[in-house]
Amino acid sequence: MNKHLLSAADLSAFDIRRVLDTARHLAKVTDRAIKKVPTLRGRTVCNLFFEDSTRTRISFELAAKRLSADVINFSARGSSLSKGESLKDTALTIEAMGVDAIVLRHGASGAAVRLAGWVQAHVVNAGDGTHEHPTQALLDLYTMRQHFPSLAGLRVAIVGDVLHSRVARSNVLALKTMGAEVTLVAPPTLLPPRVETWGVGIAYDLDAVLPKQDVVMLLRLQLERQTAGYLPTLREYARLYGLDARRLAAMPGHAIVMHPGPMNRGVEIAAEVADSIQRSVVTSQVANGISVRMALLYLLLGGPAVAEAEPAPAAGQAVGT
Ligand code: NCD
């Protein structure tokens, strides 16, 4: 593992397996009556969030707390400083207080890379603009592994607002590393420039793609980032690219439906699909996010991978020695 997690491209197949295996072990902590191990006692994690977030921030906070780290939540919304200045000043202030890891969410693509250049602490990118969201990709891969024996050869369609989606970028990188077959499905206006260089399939017709998929991952239509008229109407978008019950029925019986949240019900996903207990794994994704972030913080701050059979290590105790 590198010192930071800035991009899913930082992770080799070995790293990804290590995070996912460690997460599977640490998930057992969440099943206990007392959901805490002392592994990161005395370490401090700062959640530095310049953009709104529900699940990612809470998930990182719970992950750090379940490992007994001290957690500072810094929500920088409302600052009158320009983004670049406020990020650097805030980061240096936090650094001076001696934090071990900074989890950053920021509206500017590349913010996590900049931050990593300014501080000694480990930096985890929790979403930078439209660029990347690597821990979301890790929790998505973990969720896929719960349903399928191997990620290699898995057919995954990522559907919707790819242009604005950091989730799509990180998932494409991580899924390709693991040998999955990814197809992006979107109207041409919601695909990024030079998407053909990403090394994945591209399709415009969702109905043609659905019967061949193991996983269908829907993306939120990011209306807050859409500065131009990318779509005629939301209704038209839902008709062409929304996953409704009819389309769900066209998917193979074993195929699962994913969404990183927050969902626009009735737009990219119909309520009946979102709530389908058999097919939708949206709530599993949220639950798995905690274990995966625990694993990541542990591997960055704590030490080597936890072997399946071993109990979670205590503070200062190196595994395998
Ligand atoms: C995503 C994000 O913020 O990038 N959500 C998340 O982290 N679960 C996706 C989105 O906002 O649509």
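Val292 counts as buried, at 1% relative accessibility. The model is predicted. The points below cover that core, the ligand site and several local features of the backbone.

**Nonpolar core**

- The largest nonpolar core has 91 residues.
- Met144, Ile158 and Leu184 are the residues with the most contacts inside this core.

**Buried positions and C-alpha distances**

- From Val292 to Ala157 the C-alpha to C-alpha distance is 22 Å, and the two residues are 135 residues apart in sequence.
- Met258 is found in strand 9.
- With a relative accessible area of 0%, Met258 is buried.
- Met258 and Ile269 are eleven residues apart along the chain, and their C-alpha atoms are separated by 9.9 Å.

**Ligand shell**

- The residues around the ligand are Arg55, Thr56, Arg105, His133, Gln136, Arg166, Val167, Arg220, Gln222, Pro260, Gly261 and Pro262.
- By class, this shell is made up of three nonpolar, five polar and four charged residues.
- Helix 2 (55–66) and helix 6 (166–177) each contribute at least two residues to the shell.
- The shell also draws on both domains: domain 1 (8–132 + 285–300) and domain 2 (134–283) each provide at least three of its residues.

**Polar contacts and cover of the ligand**

- Arg105 places a polar side-chain atom 3.0 Å from an oxygen atom of the ligand.
- For Gln136, an N or O atom of the side chain is 3.4 Å from a nitrogen atom of the ligand.
- In the side chain of Arg220, an N or O atom is 2.7 Å from an oxygen atom of the ligand.
- On its own the ligand has 320 Å² of accessible area, and the protein covers 95% of this.

- The peptide bond from Gly261 to Pro262 is cis, with omega near -5°.
- Pro262 sits in the loop that runs between strand 9 (256–258) and helix 10 (271–274).
- Gly261 and Pro262 are both among the residues around the ligand.

**Positive phi at residues other than glycine**

- Ser68 is not a glycine, yet has a positive phi of about 70°.
- The loop between helix 2 and strand 2 (70–75) holds Ser68.
- Ser68 has a relative accessible area of 16%, which is under 20%, so this residue counts as buried.
- Arg194, also not a glycine, has a positive phi of about 60°.
- Arg194 is placed in the loop between strand 6 (181–185) and strand 7 (201–203).
- Arg194 has a relative accessible area of 60%, which is over 50%, so this residue counts as exposed.

Methods:
Residues numbered from 1 in each chain as written. Predicted model: local features only at pLDDT ≥ 70, side-chain atom pairs only at ≥ 80, totals over all residues. Heavy atoms only, no water. Near = heavy atom within 4 Å. Polar contact = N/O pair within 3.5 Å; in protein donor to acceptor, adjacent residues only side chain to side chain. Areas by Shrake-Rupley, 256 points an atom, 1.4 Å probe, with all protein chains shown as cover. Helix = DSSP H or I, 4+ residues; strand = E, 2+ residues; numbered from the N terminus. Nonpolar A, V, L, I, M, F, W, Y, C, P; charged D, E, K, R; others polar. Domains from an automatic or database assignment. Core = buried A, V, L, I, M, F, W, Y, C linked by side-chain atoms within 4.5 Å. Buried < 20%, exposed > 50% of the residue type's maximum accessible area, 1.4 Å probe, protein only.
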